[in-house]
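Biologist: Could you walk me through this model, feature by feature? I'd like the general idea each time, then the case at hand.

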Amino acid sequence: MAQELLATVRRMRTRVRTRRFIINWLICCALVAATSELPRLQAAPDAPAAQSSGPVTDLSLPTVPDLNPDPRILEINLTAEVARVEVSPGRRVDAWTYNGTLPGPLIRLTVGDRLIVHFTNRLPSPTTVHWHGLRLPIQMDGVPGASQPQVETGGTFTYDFVVPDAGLYWYHPHVMSAAQVGFGLYGAFLVDDPSETFKVAEERVLVLSDIDLTEQGGLEDPETGGSTGMAFGREGNTLLLNGRNHPRVSMRSGVTQRWRVVNAAKSRFFNLDPGVGIRFTKIGDDGGLQEYSEELESLVLAPGERADVFYTPTAKPGTEYGVHAYLFDRGFGSVEARQSEDLFEIVMADTPAVTPQPHPRVTRAIEAISQTGATPVAIEFGIDQKEDKSFYYTINGKPLADIPPLKAAVGETQIWKVTNTTPWSHPIHLHGFFFQVLDKDGRPRRPLKWKDTVSVPLKDSVTLVVRFDDRPGSWMYHCHVLDHAEGGLMSAVQLSRPGEPAPPLPSEHTHPASP
Ligand code: C2O
Ligand code: CU
Ligand code: CU
């Protein structure tokens with residue numbers, strides 16, 4: 001480990017020319033120094049064997065009773081509370097949960113339905129619920145200051161909104177998010193489209209995440225590694241699929257499944273291998289179905305991203321194989337001296353194989369956002385050090401407390417060029433709106449997709465186009481590696497109607513008063 005780190009440092013030293021390289025070099029040194037405090041950067045010594053032998057599970061997610069007789073209204077109670085959950089046979093942890101389960105219940109409704117959530121906070125800390133990806137009014141966005149006051153311990157809040165778009169979304173807190181999401185607070189949110197014409201035999205919602213457990217089986221300190229841990233983005237040492245570590249799942253050979261996948265991990269990117277001779281057919285992204293499908297040899301999801309894929313296992317009945325989570329290079333420390341492992345095992349049912357049918361052809365007419373009259377916006381993610389050598393992230397050179405909010409007028413289209421000068425990748429997420437990603441020539445990337453989260457790779461840039469509709473408010477944008485957000489990669493777009501005062505800013509962090 002140390003040798004590899006030093007080799008990297010040496011390699012970087014020969015290239016030290018600009019300030020940026022010096023900063024890289026300092027980060028590497030700090031990482032070398034801090035390695036002993038940073039178990040997350042090493043292969044977990046107690047990493048379970050890739051092959052697991054627990055019972056076979058069906059991976060179904062918990063549901064939540066509907067209190068409302070109206071078929072177009074889902075009315076539920078949702079309580080954030082500490083509860084004991086079992087991540088693998090005999091391994092229990094007191095996690096932070098919604099309704100006592102990890103992940104929280106699957107919230108499932110049909111596009112156009114109304115959701116009413118009676119939320120209660122029984123955690124030892126304030127919290128809120130944010131509905132990631134949903135195009136809601138700002139009052140329902142779960143951001144303290146911009147949407148609502150934070151919900152104190154023992155407090156309640158009612159969320160009430162209509163779900164505007166089909167697709168897989170998710171919910172999580174927006175107060176101390178790195179700690180709270182890391183402790184287990186997240187759930188999937190599925191909006192069905194009744195006009196969908198294709199059908200597959202089996203459908204699963206897969207919530208990918210991880211949790212950081214101590215050797216004694218408790219929750220690891222979310223501040224471990226200090227500012228170096230923050231700069232990297234702390235990952236959990238225990239992979240979870242629907243709240244279970246290395247589960248075994250039964251499938252029938254030749255039977256096509258539709259997987260709705262969300263990466264709810266606070267920092268980890270997932271890179272899933274479908275298994276020998278199999279590919280994923282990806283039909284949808286963050287905001288529902290995409291223009292046309294893509295055949296993928298592996299499925300990469302940054303924190304916050306979703307995918308809608310067909311998967312047809314074809315292995316021999318009675319056999320078993322792993323869906324491997326390869327390490328993904330999101331920057332220094334993410335692949336060095338670590339081991340990859342299976343996310344879960346597929347157990348082929350002992351029933352005769354079915355002849356696989358070709359996957360249904362799924363398309364969706366999506367219009368490219370018009371760039372006529374669009375305002376260019378430059379956003380640069382950087383990293384710097386204080387006098388005491390601790391790291392902090394910057395947006396356009398400014399630390400968190402000094403980042404001015406972006407401004408937008410309702411109806412305006414903006415083209416954001418997001419440049420990442422740091423040695424780590426940053427999945428940028430915008431609240432409340434979908435965007436489209438542009439290629440290096442400014443043309444929309446095909447197939448067209450609605451995105452709310454996209455990774456800006458290390459030392460690279462991403463350009464996206466977004467049209468702000470008539471929902472004034474301060475909409476956050478931030479890196480979804482949640483440590484990075486809290487370390488400085490978060491701010492907001494103040495969206496207002498002409499002639500009206502600018503909406504209030506998020507209070508979770510300090511923005512300078514708007515002019
Ligand atoms: Cu999942 Cu502020 O977002
Ligand atoms: Cu969000
Ligand atoms: Cu980041």
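Predicted model: local features only at pLDDT ≥ 70, side-chain atom pairs only at ≥ 80, totals over all residues.

Biologist: Let's start with F434: is it buried or exposed?

Modeller: Relative accessible area decides it: under 20% is buried, over 50% is exposed and anything in between is partly exposed (1.4 Å probe, protein chains only). F434 has 7% relative accessibility, so it counts as buried. Residues are numbered from 1 along each chain as its sequence is written, and chains are lettered from A and ligands numbered from 1 in the order in which they are written.

Biologist: How many aromatic pairs does a search of the whole structure find?

Modeller: Rings of Phe, Tyr and Trp (its six-membered ring) pair if their centres lie within 6.5 Å; planes under 30 degrees apart are stacked, over 60 edge-to-face, and the rest tilted. The search finds 19 such pairs. One of them, W259 with Y311, is stacked, at 4.3 Å centre to centre and 25 degrees between the planes. W259 belongs to strand β13 (residues 257–263) and Y311 to strand β18 (residues 306–311), so this pair links distant parts of the chain, 52 residues apart. Helices (H or I, at least four residues) and strands (E, at least two) are DSSP runs here, numbered from the N terminus. Both partners are buried: W259 has a relative accessible area of 1%, and Y311 has 0%.

Biologist: And what does F434 pair with?

Modeller: With W450: the ring centres are 6.2 Å apart and the planes lie at 35 degrees, so the pair is tilted. F434 sits in the loop between β25 (426–430) and β26 (435–438), and W450 in the loop between β26 and β27 (453–456), so parts 16 residues apart in sequence are tied together.

Biologist: Which residues form one aromatic cluster?

Modeller: Y98, F119, W131, F157, Y159, F161, Y171 and F189 do.

Biologist: Which ring does the charged end of R330 sit over?

Modeller: The test asks that NZ of Lys or CZ of Arg be within 6 Å of the ring centre and within 35 degrees of the ring normal. R330 passes over the ring of F232, 4.3 Å from its centre. Likewise, the charged end of R471 sits over the ring of W475, 5.3 Å from the centre.

Biologist: What coordinates the copper ion (ligand 3)?

Modeller: H426 (ND1), C479 (SG) and H484 (ND1) do, at 2.0 to 2.1 Å. Their spacing in sequence reads H-x52-C-x4-H. H426 lies in strand β25 and C479 in strand β29 (residues 473–479), so parts 53 residues apart in sequence are tied together. H426 is buried at 0% relative accessibility, and C479 is buried with a relative accessible area of 0%.

Biologist: Which residues does a cis peptide bond join?

Modeller: L102 and P103 are joined by one, with omega about -10 degrees; P103 is in the loop between β3 (91–98) and β4 (107–110). Another joins R446 and P447, also with omega about -10 degrees, and P447 is in the loop between β26 and β27.

Note on methods
Heavy atoms only, no water. Donors = N, O, S within 2.8 Å, 3.2 Å for Na, K, Ca; no water.
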